[in-house]
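Trainee: Could you help me learn to read a protein model? I would like to take it feature by feature.

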Amino acid sequence: MDAMNELFYRDPYAKEFDATVVSCKEGKDGYEVVLEDTAFYPEGGGQPADHGLLNSSHVTHVKRSGQDIIHICDAPLETGRLVHGKIDWDRRFDNMQNHSAEHIFSGLINKKYGFDNVGFHMDDDVVTVDFNGELTDEQVSEIEKATVQAIANNEEVKIFFPSSEELHELQYRSKKELSGNVRIVEAGSSDRCACCGTHVRRTGEIGAFKVLESGKHRGGTRVLIAAGQRALNDYAKKITQTKEVSKLLSAKPNEIAKAVSKLLADDLEKQALSDRRTKKYFEMVARSTQAEGNLVLIFEDELTPFELKRFAGILKEQFPTSAIAVLSQAKSDKPVFNYVLALDPQKAPEISKSLNKGLCGRGGGRDGLIQGSYQTDKETIEKTLRERLSS
Ligand SMILES: [Zn+2]
């Protein structure tokens, strides 16, 4: 089969076909089948491979290997036999809609800003396009509008192979310098580009088009787009999400951002109130605490490391010359206690090191304030801290 003259090129709308099996051999991903002709598009030029059926054998991948197009199948096919092929048309048409949309979008960016598309990748639900120049959100949004207009204009998408003289004269986008049999895809008045992919006949077939995200990427801009059915699928997903959030917040769907802002502000206020109450509680406990010799030792339930530090600070104000140890059991299957020690800054490094060693601990600090955790039981910790710090 001549390259660029396979059935998927001659008729990109062929959904079913019959072809003779040229060869079939077992490969590492399945049976590798070569046909006399095929409607299955092999992965290439940023467009993913078609899937579908050859008789009852599932085609899971299609790739080019030299002049051959290899169909990866889950069951063998007899060489010399005529087989019936059926491509997964929903998948293919979605790829055509998105690939054509990408051409128009990239073409319009190239025309207006002179930036090239330097990366193009189609996933199952999104198309990623990278440009070698920075675009603001407003500029991207302007091109989005122009793309939607170009789609609505329903212009013809022409595919042709110019002679080398014609090619020399022609203005077109290409990732590299091309010569020989070059396939040009002209999407109405929006774009002209060298491409090996399959495209819709008229721009109107693309249907919906949406930019989903855009932002700076490696000195240029990365834009995520979706067209056709995948744009509608994305829209449907977002409506579902908005509905759920709207229900949770008891807010109108278009007012959920305002409702979330209010919720976060309320939460900050509650947090500040809770902090003030916790501080009062720490001060109350500090006032009723007695030092054991030179040590103030306190175990409290459910304190975060931040609260432990705060509590130790309050205790240090109450007992400026004592060694302070505040501990709280961490949420863990094993006995683990988070601790904060406020010690004499001179002795702190050495004491903390030996306590960590004796109590399976870790952690450290500076200026006498040590933070960490001990992985042993409460009794052992109490006993060790009393021995080491109370005198
Ligand atoms: Zn292309």
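Trainee: What percentage of the 391 residues of the protein chain count as buried?

Mentor: Let's start with a reminder that this is a predicted model. To judge burial, we count the C-beta atoms around a residue, and 20 or more others within 10 Å make it buried. In this protein chain, 30% of the 391 residues count as buried.

Trainee: What radius of gyration does the protein chain have, and what would a compact globule of 391 residues have?

Mentor: The protein chain has 34 Å, whereas a compact globule of 391 residues would have a value near 21 Å.

Trainee: How do I read a pair of helices? At what angle do the axes of helix 2 and helix 3 cross?

Mentor: Look at how close the axes come, then at the angle between them. Helix 2 (residues 89-113) and helix 3 (residues 137-152) have axes that come within 9 Å and cross at roughly 125°. The two helices are therefore oblique to each other, and their crossing is right-handed. On the helix 2 side, the contact is made by A101, I104, F105, L108, I109 and K112, and on the helix 3 side by I143, A146, T147 and A150. By class, these residues divide into eight nonpolar, one polar and one charged.

Trainee: Which residues of helix 6 and helix 7 meet?

Mentor: First the geometry: the axes of helix 6 (residues 256-288) and helix 7 (residues 305-318) come within 9 Å and cross at roughly 40°. Helix 6 and helix 7 are therefore oblique to each other, and helix 6 passes helix 7 in a right-handed crossing. Now to your question: T278, F282, E283 and A286 in helix 6 meet E307, R310, F311, I314, L315 and Q318 in helix 7. Sorted by class, the residues of this contact are five nonpolar, two polar and three charged.

Trainee: Is the crossing of helix 5 with helix 6 left-handed or right-handed?

Mentor: Helix 5 passes helix 6 in a left-handed crossing. The axes of helix 5 (residues 228-249) and helix 6 come within 10 Å and cross at roughly 45°, which makes helix 5 oblique to helix 6. Where they touch, T242, V245, S246 and L249 of helix 5 meet I256, A259, V260 and L263 of helix 6. This contact has six nonpolar, two polar and no charged residues.

Trainee: Let's turn to the loops. Where is the place of S250, and does S250 count as buried or exposed?

Mentor: S250 sits in the loop between helix 5 and helix 6. S250 counts as exposed because it has 7 C-beta neighbours inside 10 Å. Check its backbone angle too: phi of S250 is near 50°, a positive value in a residue other than glycine.

Trainee: What is the phi of C360 near?

Mentor: Phi of C360 is near 50°, again a positive value in a residue other than glycine. C360 lies in the loop between helix 8 (348-358) and strand 17 (361-366). With 14 C-beta neighbours inside 10 Å, C360 counts as partly exposed.

Notes
Residues numbered from 1 in each chain as written. Predicted model: local features only at pLDDT ≥ 70, side-chain atom pairs only at ≥ 80, totals over all residues. Rg over C-alpha atoms; globule rule 2.2 N^0.38 Å. Buried ≥ 20, exposed ≤ 12 C-beta atoms within 10 Å, placed from the backbone. Axes fitted to C-alpha atoms, helices over the stretch in contact; angles between N-to-C directions. Helix = DSSP H or I, 4+ residues; strand = E, 2+ residues; numbered from the N terminus. Parallel < 35°, antiparallel > 145°, perpendicular 65-115°, else oblique. Left-handed = near helix turned anticlockwise from the far one by under 90°. Contact = placed C-beta atoms within 7 Å. Nonpolar A, V, L, I, M, F, W, Y, C, P; charged D, E, K, R; others polar.
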